[in-house]
Amino acid sequence: MERSGRARKKQPFEIPEDILESIFKRLPLIDILRAKAVCSSWKSTVQALLSSNSDLSHFKIPWLLLPPKKSKSGGAIASPRIMNLEENRVYVLNSSTQSSTLGRYLHIGSSHGWLIMADGRSIVYLLNPFTLATIQLPQLNRSLLTEPDDYLRRKDYWDTTYIPPQLLMVKAILTGEPNLSGNNNYSVILIYSKKGLYKRIAYLKNKQGPWTELDGNKYASYSDIMCHGNKLFGLTISASIDIWDFQGPQPEKRILEIKPSHYIQSNIDTRNQIRNLTRNPSGNKRITNTIRRKHYLVELHGEILLARRFVVLRQGDHQIPHKTQLFQVYKLNFDEQKWVNVESLGDYSLFLGGNESATISTKNSSTCKANSVYFTDDGWFRRIYGNETIGGRDMGIYNIEDGSIEEIYEIGRETINIDPSPCWLVPHLS
């Protein structure tokens with residue numbers, strides 16, 4: 001029987017879609033990006049694969065965004081760079097859009113594959129370095145960032161008499177992935193410094209301003225935020241959690257406030273380990289060690305984990321002013337409302353820093369180390385000092401089993417300030 005219509009002539013490079021998908025599933029992410037640029041049919045196949053339920057966990061290994069290299073004279077000699085952990089290889093971002101945007105703005109977070117940045121006017125931008133897509137969001141209300149003059153100009157506390165408004169923006173995440181086709185069903189959540197005293201939470205719904213402060217305990221100060229199941233979890237500095245429901249058109253007021261009845265307790269060995277961190281083996285009396293703690297929230301298999309980061313602040317040491325020495329991990333027991341120590345992460349690793357905290361399975365990775373914490377310098381010491389002269393260096397891989405720390409990437413020792421700070425970025429290509 002003769003088929004009606006003219007038969008479509010196959011192009012020499014055309015490969016059946018099911019075979020293409022089978023090939024693409026085995027490619028590293030960088031080759032997927034190259035495949036998308038070959039032709040429209042390959043691009044369509046890649047997009048279909050990314051939106052399917054296929055196991056693409058090897059695409060989700062975070063990349064490390066690095067600042068431009070510096071010349072001997074101190075000037076930038078290259079575009080910003082990004083490191084692929086799977087290949088242990090650094091790529092240069094040559095796009096003029098990426099270079100100008102990444103170099104000029106303060107990085108305040110990464111979430112769902114997008115970098116979240118702010119300029120000196122408190123205007124927030126989203127940038128996907130893999131797709132080159134950029135979104136400009138409304139300006140943050142200056143009233144939210146207002147600092148009382150007497151606090152702002154305390155020279156015994158701040159190194160400068162003026163704090164750029166974007167330095168008061170602590171960390172931002174997204175509730176979902178932005179869609180350039182017009183679907184703006186996501187919110188931007190921001191921790192910011194409220195009058196220099198408390199860290200508060202504001203949100204922007206569906207790209208529509210103005211930014212609005214979330215209703216919560218007005219005396220609470222938040223150290224981290226995370227989204228899980230249409231809910232926003234806010235971690236306070238006292239290790240309690242406030243939860244808001246973001247499923248409706250407007251976030252509901254706190255639906256639950258968890259105040260663990262027992263604050264995080266450390267065993268004797270851990271207390272001794274923490275005490276040893278303050279010792280000064282160099283014998284230099286001008287250098288004193290103190291400990292600062294930073295808390296992060298992260299989800300693993302539906303459980304809420306808390307990671308405690310112990311940073312040794314070396315006052316008087318202008319070469320290594322601060323360095324992370326220890327991590328502790330806990331999970332939240334909802335019934336008893338207390339934090340329980342986690343001895344091991346098993347085949348998982350945590351990625352912490354200025355990004356939305358992430359857990360990654362190491363089973364499909366040839367390089368990521370299990371039971372480890374990959375951490376970057378999230379710039380919080382810049383906010384402690386009130387200036388931009390230090391920060392960016394404190395990063396590494398912490399082994400939870402033996403407490404050892406190894407380098408991720410050697411930036412160089414020509415300056416104590418790396419700006420912008422390196423940041424983890426989980427790729428999203430759809």
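Colleague: Which residues does leucine 137 touch, not counting residues up to four places away in sequence?

Modeller: This is a predicted model. Leucine 137 belongs to the largest nonpolar core. Outside its sequence neighbourhood, leucine 137 touches Ile123, Val124, Leu126, Tyr186, Val188, Leu204 and Lys207.

Colleague: Which residues of the largest nonpolar core touch the most other members?

Modeller: The core has 22 residues. Two or more residues each come from β4 (106-111), β5 (114-118), β6 (123-127), β7 (134-139), β8 (169-174), β9 (187-194) and β10 (198-205). Those touching the most other members are Ile108, Leu126, Leu137, Leu190 and Trp211.

Colleague: How many residues are in the other core that lies apart from it?

Modeller: Phe310, Val329, Leu350 and Phe375 are among the members of that other core. In soluble globular proteins, nonpolar side chains tend to be buried together. The count for this separate core is 18 residues.

Colleague: Which residue is the bridge partner of tryptophan 63 in β2?

Modeller: Strand β1 (residues 63-66) pairs with β2 in the antiparallel sense, over four bridges. From β2 (residues 81-84), Ile82 and Asn84 point one way, and Arg81 and Met83 the other; all are buried. The partner of tryptophan 63 is asparagine 84.

Colleague: Which residue in the turn between β2 and β3 has a positive phi?

Modeller: β2 and strand β3 (residues 89-92) run antiparallel, joined by four bridges. Methionine 83 stands opposite valine 90 in β3. The two strands form a hairpin with four residues between them. The positive phi, about 50 degrees, belongs to asparagine 88.

Colleague: How many contacts beyond near neighbours in sequence does the stretch 148-161 have in the model?

Modeller: The chain has a mean pLDDT of 77, and 69% of its residues reach 70 or more. Residues 1-5 stay under 50 and have zero contacts beyond four places in sequence. Over residues 148-161 the pLDDT is also below 50, yet this stretch has contacts beyond near neighbours in sequence, and their number is 24.

Methods. Residues are numbered from 1 along each chain as its sequence is written. This is a predicted model: local features need pLDDT of at least 70, side-chain atom pairs count only at pLDDT 80 or more; totals for chains, interfaces and linings use all residues. Side-chain values use heavy atoms; hydrogens and water are left out. A nonpolar core is a set of buried Ala, Val, Leu, Ile, Met, Phe, Trp, Tyr and Cys residues joined through side-chain atoms within 4.5 Å. Buried means under 20% relative accessible area, exposed over 50%, partly exposed in between (1.4 Å probe, protein chains only). Contact means heavy atoms within 4.5 Å. pLDDT is the predictor's confidence in each residue, from 0 to 100. Two strands pair if DSSP finds at least two bridges between them.
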